[in-house]
Amino acid sequence: MQLTDKFGRKISYLRLAVTDRCNLRCQYCMPAHGIDIVQRKELLTYKEMYRITRVLSELGVNKVRLTGGEPFVRKDFMNFLKSLSFNNKLDQINITTNGALISKHINELEELKINAINLSIDSLQKEKFAKITRRDVFLEVYKTFELLEQSNLNLKLNVVVQSGFNTDEILDFVELSKNKDISVRFIEEMPFNGKGQRVMEDEWNFNKILNHIKNKYPEVEQLSSSKSSTSVNYRVPNYKGNFGIIPAFTRTICNDCNRIRITATGMFKNCLFDGGVFNVRDFIRNGASDNELKELFIKTVHHKPENGFIAEASRGNNVSESMSTIGG
Ligand code: SAM
Ligand code: SF4
C-alpha cells in the first residue's frame, strides 16, 4: 500500500510539528506577544507521534522533517529522536530549528540517524537578527552554525527574504557559501504570521531574488535537484557550497509535491495552504486501529489539492495562522 493522490503524486515526506511553542518571536511568523498556545493535553504525545510516523512509514513515507514551533523547546525531544531513529523504514530524519538551544546536542545528533539540519538564520548582523527574531540570541545561533558546519550533519541555512529587513544581506549569504560546504536557501515570505499579508515596499519573489544574485554573479549555474525538491538550486562556480531559492509563496513547485503535514495538535494537512483536513489525534484517542488510520490516510491523500492556490481557495478564509502552529 502506498500513498498516492489522484494526480499520481506519491507521498513520501511527512513534516511533523512537535510543538506549537517557541523561544523566539520572529516577526514574519508571529506577533510580538506570541500566539495563543494550546493546552498541553491538546498536543500530540510522543507516543502518538511515533505511532503516526510508523503507520505512515508503512505506507511509503520514508522521510520525516521535525519542525514546530521550535522542536528543541519540547521536553525530551532528544529521546523522541532516538526512538524515531529505530524505525528502519525511514531513510531520512531532518530537523528545522532556530538553533538557539541545540549547541549542546550536536554530538548526539551526529550519532543518531539525523540526515540534515535546516538552521533558520535571517541575518548575519547581531542587531538586525534581534530585530527580526525579537530575541537577543544571535551569538548562540551563530555558534551553533559554526558547530554544525564542522559536524558531519548536512547543513542548510533557511533565510526568509523580508522586504525592508534583510534583502541587503542576500549577497552576503551567497558569499558565505564560498568557503563553507553549506546550502543557503532563500525562502519567499508568506503571510503565515498570525495577522495575514503585511504591506511590503517590494515583493521579493523568486525571480527578483535570482535576478538580484545574478546581477552580482552572472556566472551562477543551476544545479540538478531531486524532482520533489522545494528549492531550485544554484552554485557560483568554484564555491564550496551552493544556494537555492524556495518559491514558497509563488508556488511553482506543486506539480512534484510529495509532502503532507501534521500539526502539533494532530491536524492533517495535505498542503501548507489548506485549512486542515482531519484531526489524527482525535481518531487515535477514540481508539482507531492501525488499519483504520491507514485507510484514513489513503483516502485523504487521494484528495490532495492540485496546488497551493486551489488549496487556499477551498479553505474559505485567508491564510493568516502562524507558521509556528502549522509546522514550517
Ligand atoms: N522554529 C524552527 C525554525 O525557525 O527553524 C522551526 C519552525 S519554523 C515555523 C520553520 C521555518 O519556517 C523557518 O525556517 C522559518 O523561517 C520559516 N517561516 C516561518 N514563518 C514564515 C513565513 N511567514 N514565511 C516564510 N517562511 C516562514
Ligand atoms: Fe519560532 Fe521558528 Fe517561528 Fe521564529 S520562525 S518564531 S523560531 S517557530
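Me: Which residues of helix 7 are buried?
Reply: In this predicted model, helix 7 covers residues 206-216, and F206, I209, L210 and I213 are buried there.

Me: Where do those buried residues fall, seen down the helix axis?
Reply: The buried residues of helix 7 fall within an arc of 95° when seen down its axis, so they line one face of the helix. As background, an α-helix has 3.6 residues a turn, so residues three or four places apart point the same way.

Me: What does that face pack against?
Reply: The buried residues of helix 7 pack against strand 5, helix 6, strand 6 (183-188), strand 8 and strand 9.

Me: Switching to helix 5. Which of its residues are buried?
Reply: F138, V141, T144, F145 and L148 are the buried residues of helix 5. Seen down the axis, these residues fall within an arc of 125°, so they line one face of helix 5.

Me: And what is on the face turned away from the buried side?
Reply: That face of helix 5 carries the exposed residues L139 and Q150.

Me: Which elements do the buried residues of helix 5 pack against?
Reply: They pack against helix 3 (106-111), strand 4 (114-120), helix 4 (126-133), strand 5 (154-161) and helix 6 (170-176).

Me: How far apart are the end C-alpha atoms of helix 5, and what span should its residues give?
Reply: Helix 5 runs over residues 138-150, and at 1.5 Å a residue its 13 residues should span 18 Å. The end C-alpha atoms are 18 Å apart, which agrees with that expectation.

Me: On to the core. Which residues touch the most other members of the largest nonpolar core?
Reply: The largest nonpolar core has 73 residues, and L66, L81, L109, F186 and F297 touch the most other members. A second, separate core has 20 residues, including C26, M30, I187 and A248.

Me: What is L81 in contact with, leaving aside its neighbours within four places in sequence?
Reply: With those neighbours left aside, L81 is in contact with L66, I93, I95, L109, L112 and I114. In soluble globular proteins, nonpolar side chains tend to be buried together.

Me: How many cavities of 30 Å³ or more are there?
Reply: The structure holds one cavity of 30 Å³ or more. The largest cavity has a volume of about 40 Å³, and its lining consists of L24, C26, Y28, N98, S120, I121, D122, F129 and T133.

Me: What about the second largest pocket: what is its volume, and which residues lie nearest its centre?
Reply: The volume of the second largest pocket is about 200 Å³. Its lining comprises 13 residues, of which T263, T265, M267, T325 and I326 lie nearest the centre. Strand 11 (267-269) and helix 11 (323-326) each supply at least two residues of that lining.

Me: Backbone next. What is phi of N238?
Reply: Phi of N238 is near 75°, a positive value in a residue other than glycine. Most residues other than glycine have a negative phi. N238 is found in the loop between strand 8 (232-235) and strand 9 (242-246).

Me: And R251, which also has a positive phi: is it buried or exposed?
Reply: R251 is buried, with a relative accessible area of 8%, whereas N238 is exposed at 78%. The phi of R251 is about 55°, and R251 lies in the loop between strand 9 and strand 10 (259-262).

Me: Last topic: where is D36 found?
Reply: D36 is found in the loop between strand 1 (13-17) and helix 1 (46-57). At 76% relative accessibility, D36 counts as exposed.

Me: How far is D36 from G194, in sequence and in space?
Reply: D36 and G194 are 158 residues apart in sequence, and their C-alpha atoms are 9.8 Å apart in space.

Technical notes
Residues are numbered from 1 along each chain as its sequence is written. Chains are lettered from A and ligands numbered from 1 in the order in which they are written. This is a predicted model: local features need pLDDT of at least 70, side-chain atom pairs count only at pLDDT 80 or more; totals for chains, interfaces and linings use all residues. Side-chain values use heavy atoms; hydrogens and water are left out. Helices (H or I, at least four residues) and strands (E, at least two) are DSSP runs, numbered from the N terminus. The expected span of a helix is 1.5 Å times one less than its number of residues. Buried means under 20% relative accessible area, exposed over 50%, partly exposed in between (1.4 Å probe, protein chains only). The arc is that of the directions from the helix axis to the C-beta atoms. Contact means heavy atoms within 4.5 Å. A nonpolar core is a set of buried Ala, Val, Leu, Ile, Met, Phe, Trp, Tyr and Cys residues joined through side-chain atoms within 4.5 Å. On a 1 Å grid over the protein atoms alone, a cavity is a set of points where a 1.4 Å probe fits but cannot get out, and a pocket is an open set with protein on both sides within 12 Å along at least five of seven lines; lining residues have an atom within 4 Å of a point. Grid points are joined across faces, edges and corners, and a volume is the space filled by probe spheres set on the points.
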